[in-house]
Amino acid sequence: YDDTKLPFPLCWGGFIELRRLMLLVTTIFISSPSVRLFAMIFICLIALLCNVSISPYNSNFLNKVTVVSILSQIFAGLINQIFSTVILIEGAIPRFLLPTFTFLFHCEEILSLWVPFCLITLFIINSAIRALQKNFK
């Protein structure tokens, strides 16, 4: 990352750790699921806005990966909120909407597990290709 893009003397790694710490504290100390979710989404939105406005990494690829990762956290949280609301109201789902909720459940699984896994895999492959290119030059 490029520290010269930051408007204050805090490195981007510190900002990422601060975001993780805020998410952890929110998870531990807020007991209401709805308030906790909205607080976590707010934290992720602030991180997303900072990432988009600063573009801290020299590589556009890494900036885009970070944006997709934060967006997947936000969407997974929203889908989780929909499920927790529907579960509280038993029998509120008409039978014809059950396939839609099944689809949303699988979307949450994909956003929570597979998107981060694929992004990390792409990053590792990209780094390996760059390292091999440097060795052959």
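I began with contacts between residues at least 6 apart in sequence: 59% of them join residues at least 24 apart. I noted that this is a predicted model.

**Confidence.** I looked up the mean pLDDT of the protein, which is 75. I found 73% of the residues at 70 or more. Helix 2 (residues 33-54) has the highest confidence, with a mean of 84. Helix 4 (residues 98-136) has the lowest, with a mean of 74. I kept a caution here: where pLDDT is low, the predicted coordinates should not be read in detail.

**Layout.** From the N terminus on, the order is α-α-α-α.

**Core.** I then looked for the largest nonpolar core and found 15 residues in it. Trp 12, Cys 44, Leu 48, Ile 70 and Ile 74 have the most contacts inside it. Helix 1, helix 2 and helix 3 (60-88) each give two or more residues to this core. Helix 2 gives the most, with seven.

**Surface.** I read off an accessible surface of about 9600 Å² for the protein. Carbon and sulfur atoms hold 73% of it. Of the 137 residues, 26% count as buried.

I also found a nonpolar patch on the surface, made of Leu 18, Leu 21, Met 22, Leu 24, Val 25, Ile 28 and Phe 29. Together they have about 680 Å² of accessible area. I checked Leu 18, which lies in helix 1 (residues 12-29). Leu 18 is partly exposed, at a relative accessible area of 38%.

Key
Residues numbered from 1 in each chain as written. Predicted model: local features only at pLDDT ≥ 70, side-chain atom pairs only at ≥ 80, totals over all residues. Heavy atoms only, no water. pLDDT = per-residue confidence, 0-100. Helix = DSSP H or I, 4+ residues; strand = E, 2+ residues; numbered from the N terminus. Patch = residues over 30% accessible without salt bridge, like charges linked within 9 Å, V, L, I, M, F, W, Y side chains within 5 Å. Areas by Shrake-Rupley, 256 points an atom, 1.4 Å probe, with all protein chains shown as cover. Salt bridge = Lys/Arg side-chain N within 4 Å of Asp/Glu carboxyl O. Buried < 20%, exposed > 50% of the residue type's maximum accessible area, 1.4 Å probe, protein only. Core = buried A, V, L, I, M, F, W, Y, C linked by side-chain atoms within 4.5 Å. Contact = heavy atoms within 4.5 Å.
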